[in-house]
Amino acid sequence: MAELRGALIGCGFFAVNQMHAWRDIEGASIVAICDRGPDRLRIVGDQFGITKRYIDAAELFADESLDFVDIATTAPSHRPLVEMAARYRVPVICQKPFAPTLADAKAMVKACADAGVPLMVHENFRWQSPIQAVRAVLDSGKIGTPFFGRISFRSAHDVFSGQPYLAKGKRFIIEDLGIHSLDIARFLLGDVSTITTRTARINPDIAGEDVATMLMDHKNGATSVVDCSYATKLAVEPFPETLIEIDGSDGTIRLAQGYRLTVTGKSGTKILDVSPPLLPWASRPWHNIQESVVAIQQHWVDCLAKGTEPATSGADNLQTFALVEAAYLGAASHEPVHLDALL
Ligand code: NAD
């Protein structure tokens, strides 16, 4: 099959990982880039040797013949850019958070479905190899039927230096980081019927919440707790590890700090090191996330080749995004929120 020709829109902080990953992936390459900021366009273009550079996404779509576009801008621009891709019938990857509102997210899914254009949300955390290892244990049946889960991300890492916009939004940790944890909870325990949420702001210098605790009823009867914090000062900083506990009818799974996976089943306990590999271009502690970027982008290329729906398609991500919306509604009302009412 001929190599897929892709373009990247948005050459900011995170896009550099996506560009590195595209270089590692077989079957696709980035032929053009776009950023409304000339400095970022030059920096990323020079770093990755891309000569076709656009300030305006409309010109990119008009001039280039593309097999897909990878949108790595922040949420306010996602809907106009995804709808533009749909108009040009170009398959599209969109970074998380999918949109500023659930109504925008639904409109983007509809625009792509109506145009017959594949749409994947770059929801990469579930592609981290330690999380995939947890999923594989569940699939093996070793712990029986899961009835409880805890997905935990607690840190005091300074995320604001690399992403200053995170300090300014009225919504912070649920929309930016919790969205990944909620998606992992769905990935491991299935879709959710009800969510109850409490939030707090500990850091006085930011506008949004930096602590959130969410209790969820999964449709299959399991209960989970998703807790996240950027105000938790620990002896050993775990950023950006997600820690997981799952209890099942026949055993337990514990993914502990340091990528230590302990599985207890009927035949005893096994402890595994599920540390992610350090790719040549990656840097600690981000290597966990950087490896997942390669995995999700390879998945996209494989899905395009086979004509199958990506695991984190736009339609799938509506379920994750609805959890974000529901969490904010529930944090404000202090009431449980039913997901079906939003979807
Ligand atoms: P950033 O502000 O550093 O970069 C965004 C870039 O997009 C900027 O250079 C900006 O000029 C450009 N841009 C914005 N609107 C545009 C438009 N209409 N046309 C062309 N260019 C445009 O942001 P970032 O920190 O790189 O985050 C980008 C997205 O990636 C966010 O949605 C963020 O949540 C997400 N992100 C994801 C992960 C992950 O693990 N999946 C990690 C970090 C950030």
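Let's start with the open space in this protein: the largest pocket holds about 1100 Å³. Keep in mind as you explore that this is a predicted model. In all, 46 residues line the largest pocket, and those closest to its centre are Ala 72, Thr 73, Thr 74, Ala 75 and Tyr 165. Two elements, helix H1 (15-24) and helix H7 (173-189), each give two or more residues to this lining. H7 provides the largest share, with 4 residues.

What classes of residue make up the lining of the largest pocket? There are 26 nonpolar, 12 polar and 8 charged residues.

Now turn to the ligand. It is surrounded by 23 residues, and the closest are Phe 14, Asp 35, Lys 96, Asn 124 and Tyr 165. A backbone N or O atom of Lys 96 sits 2.7 Å from an oxygen atom of the ligand. For Arg 36, a polar backbone atom is 3.2 Å from a nitrogen atom of the ligand. With Gln 163 the side chain takes part: one of its N or O atoms is 3.4 Å from an oxygen atom of the ligand. How much of the ligand does the protein bury? Taken alone, the ligand exposes 850 Å², and the protein buries 87% of that.

Lys 96 leads us to the backbone. Most peptide bonds are trans, yet a cis peptide bond joins Lys 96 and Pro 97, with omega about -20°. Pro 97 belongs to the loop between strand S5 (92-95) and H5. Another cis peptide bond joins Phe 239 and Pro 240, where omega is about -5°. Look for Pro 240 in the loop between strand S10 (223-229) and strand S11 (243-248). Arg 89, a residue other than glycine, has a positive phi, near 55°. Arg 89 lies in the loop between helix H4 (78-87) and S5.

One more stop remains: the second largest pocket, with about 240 Å³ of space. Its lining has 16 residues, and nearest its centre are Val 117, Pro 118, Leu 119, Glu 309 and Ser 313. Helix H5 (102-115), helix H8 (287-306) and helix H9 (314-333) each supply at least two of the lining residues. By class, this lining has 11 nonpolar, 4 polar and 1 charged residues.

Conventions. Residues are numbered from 1 along each chain as its sequence is written. This is a predicted model: local features need pLDDT of at least 70, side-chain atom pairs count only at pLDDT 80 or more; totals for chains, interfaces and linings use all residues. Side-chain values use heavy atoms; hydrogens and water are left out. On a 1 Å grid over the protein atoms alone, a cavity is a set of points where a 1.4 Å probe fits but cannot get out, and a pocket is an open set with protein on both sides within 12 Å along at least five of seven lines; lining residues have an atom within 4 Å of a point. Grid points are joined across faces, edges and corners, and a volume is the space filled by probe spheres set on the points. Ala, Val, Leu, Ile, Met, Phe, Trp, Tyr, Cys and Pro count as nonpolar, Asp, Glu, Lys and Arg as charged, and the others, Gly among them, as polar. A residue is near a molecule or strand if one of its heavy atoms lies within 4 Å of it. A polar contact is a pair of N or O atoms within 3.5 Å; within protein, one must be able to donate a hydrogen and the other to accept it, and residues adjacent in sequence count only if both atoms are side-chain atoms. Accessible areas come from the Shrake-Rupley method with a 1.4 Å probe; for residues, only the protein chains shown count as cover.
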